[in-house]
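Subject: The structure for you to look at

Hi,

Here is the structure I promised to pass on. Have it open while you read, and I'll walk you through what turned up.

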Amino acid sequence: NALDCDDGSNLVRPGLADLSCDGVDVNCDGWDAPCGGPACATDPSFSWGTCTGAAGVHPRPVEVVAGAYHSCVRTEPTGDVWCWGLNNSLQCGSGSGPDPVPPVPRPTLQTSVPNPGAVSICAGDYYTCMARGAAGLDCFGSFVGLTFVRRTANIVEVACGINHVCYRTNMGRVDCVGLNGNGTIPTGQTGRALDAMPLYSDVAQTVIDSGAIEVAVGTNFSCARLSGGNIQCWGANDVGQLGRGGVAGTPLFTPSPANVAGPGVFTDLATSQFGACGLVGTELRCWGNGPQGCVAGQPTTMGSAYPTPMVFADTPLSALMRGFGSRFFAVGPDGLYAWGVDQTGVMARSPRGSAGRIDPNPSIALPRRGGVALSIRDLRKTLGE
C-alpha cells in the first residue's frame, strides 16, 4: 500500500528510522542507513558510502553521463565527480601510467584536475568536462587529439559532442568550441573546411548572448532552450536536425541559431546524434533523422528526414534525457520510456526493437519502482550504454 514501500514488510516504509547498515533500506529513501549508501552492506570500502562533515552529509549521485567506453557520475551536495571505464586518454581523470593507461574498473574520484563544486558534467567519446560555476570549466582526456583544460567564469551547464563542446553561463550565454566543419561554431567561416579551435584557446566563440536556460549538442549540430520557451538550433542540417521546416541546400549547415518551427512553449530539450526532441507541456515533439528512430512515432524509411517537429501525443511525458548514440529516454506516467536505436538492448525491453533493432515508438524501458515514479533528480540528462 501507499505506506509500505515494498508491499512485503510492514517494517519497510517511509518515516521509519534507518540506523544499521544491514542491506535493508528501511525508510525507503534509496539508501541503506543515513550515510551507508546502497553498497555499504556488501562493500564497506566504497568511498562515497562514507559520511562526510560534522553533520554526516552523504553525497548522492544525481547525474550520470556516458562516453564511448567510460562513464562518470556527479554527486550532490559535494559536487564530486567519479569516473570509470576505458582510460586510454585519461578520460576517467586519473592515472599516469604507460600508454594505454589501464581501465578504471570501479567509480574513482578523478584527480587530474581540482573538482569540488561540479554542477554539471558531460562525456564525449574520449573526454569528460565539468562545469563548476564560478570556478569555470574543467575538461580532461583527449578531444580530437588535443589535451585541454579551459576555464571561464560562472559556467553552470556543459554539453559534450564528438567534435565540439558547448557550455552555458549563469547569465544565459552559450559558447561553443571545437571543430567547425558543419557550422557548429559561428567563427565567420563559410566553407566546409574544418576550423580547428582547441579548447585551451582564450577566445570564446559566443553563439547566444543571453536568455539560454538549457544547452544540448548532437554530432554536428547544437541546440539551446531559451527562457521564453523557444528552442534555437545551429550547425548541420542535412537531415533536418535544426528543426526549421526544411533541409538545407548547399552548404548543408547554418552557423546562426534560429528558432525551431511551430508554435508552443518548450519546457525541456534533448538531442541525439542526428536529431532532437522537446516537450511542450507533456507533449513530445521530435525532428531530424528518420532511419535511426529518433523522431518519435514516425516511420524509419531509409533517407527520411523530418525537418519540422513531429508531434507524439500518445503518452504524456514529464522530462527528457539523451542516450549515448541515437536514442532518447523520457520519464512518463508508468516509468522510463525509450526510443531510437536498440542494437545492444540498452533500451531494456524484450524482445529488442524490431526493424533492425530500431524502434521509434516510445515504450517502457524501466517500469515504476515500488509504486513510486522514477525521479528526474536521479536520472538527470544522460543515459548511456
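Let's start with a sheet: four strands make up an open sheet, ordered S1-S2-S3-S4, with antiparallel pairing. The strands at its edges are S1 (60-66) and S4, each of which pairs on one side only. Going from one strand to the next, the twist averages 20°. Before you go further, keep in mind that this is a predicted model.

If the word "pairing" is new to you, strands of a sheet pair through backbone hydrogen bonds, and they can do so in a parallel or an antiparallel way.

Now zoom in on S3. Four of the five residues in this strand (residues 81-85) are buried, so S3 is largely enclosed by the rest of the structure. How many bridges link S2 and S3? Strand S2 (residues 70-76) pairs with S3 over five bridges, in the antiparallel sense. You can find two of the facing pairs yourself: cysteine 72 stands opposite cysteine 83 in S3, and valine 73 has tryptophan 82 as its bridge partner in S3. S2 and S3 form a hairpin with four residues between the strands, and there glycine 79 has a positive phi near 75°.

On to S4. S3 also pairs with strand S4 (residues 104-109), again in the antiparallel sense, this time over three bridges. Tryptophan 82 comes up again here, with leucine 109 as its bridge partner in S4. Between S3 and S4 there is a loop, and leucine 90 lies in it. Leucine 90 is partly exposed, as its relative accessible area is 28%.

While you are in S4, have a look at threonine 108, which belongs to that strand. Threonine 108 counts as partly exposed because its relative accessibility is 27%, and the cut-off for buried is under 20%. Threonine 108 and cysteine 92 are 16 residues apart along the chain, and their C-alpha atoms are separated by 8.1 Å.

Next, jump to glutamine 232, which sits in strand S14 (residues 231-236). Is this residue buried or exposed? Glutamine 232 is buried, because its relative accessible area is 16% and anything under 20% counts as buried. Its side chain makes a polar contact with the side chain of asparagine 259, at 3.1 Å. Leaving out residues up to four places away in sequence, glutamine 232 touches several others, including Ile208, Cys223, Leu226 and Pro257.

There is a nonpolar core to find as well. The largest one has 16 residues, and those with the most contacts inside it are Cys277, Leu284, Cys286, Leu320 and Trp339. Strands that each supply at least two residues of this core include S17 (275-280), S18 (283-289) and S22 (335-341).

Finally, the whole protein. Its secondary structure comes to one helix and 24 strands. Of its 385 residues, 51% count as buried. Among contacts between residues at least 6 apart in sequence, 44% join residues at least 24 apart. The accessible surface is about 16,000 Å², with 56% of that belonging to carbon and sulfur atoms.

Notes:
Residues numbered from 1 in each chain as written. Predicted model: local features only at pLDDT ≥ 70, side-chain atom pairs only at ≥ 80, totals over all residues. Heavy atoms only, no water. Buried < 20%, exposed > 50% of the residue type's maximum accessible area, 1.4 Å probe, protein only. Polar contact = N/O pair within 3.5 Å; in protein donor to acceptor, adjacent residues only side chain to side chain. Contact = heavy atoms within 4.5 Å. Areas by Shrake-Rupley, 256 points an atom, 1.4 Å probe, with all protein chains shown as cover. Core = buried A, V, L, I, M, F, W, Y, C linked by side-chain atoms within 4.5 Å. Pairing = 2+ DSSP bridges. Axes fitted to C-alpha atoms, helices over the stretch in contact; angles between N-to-C directions.
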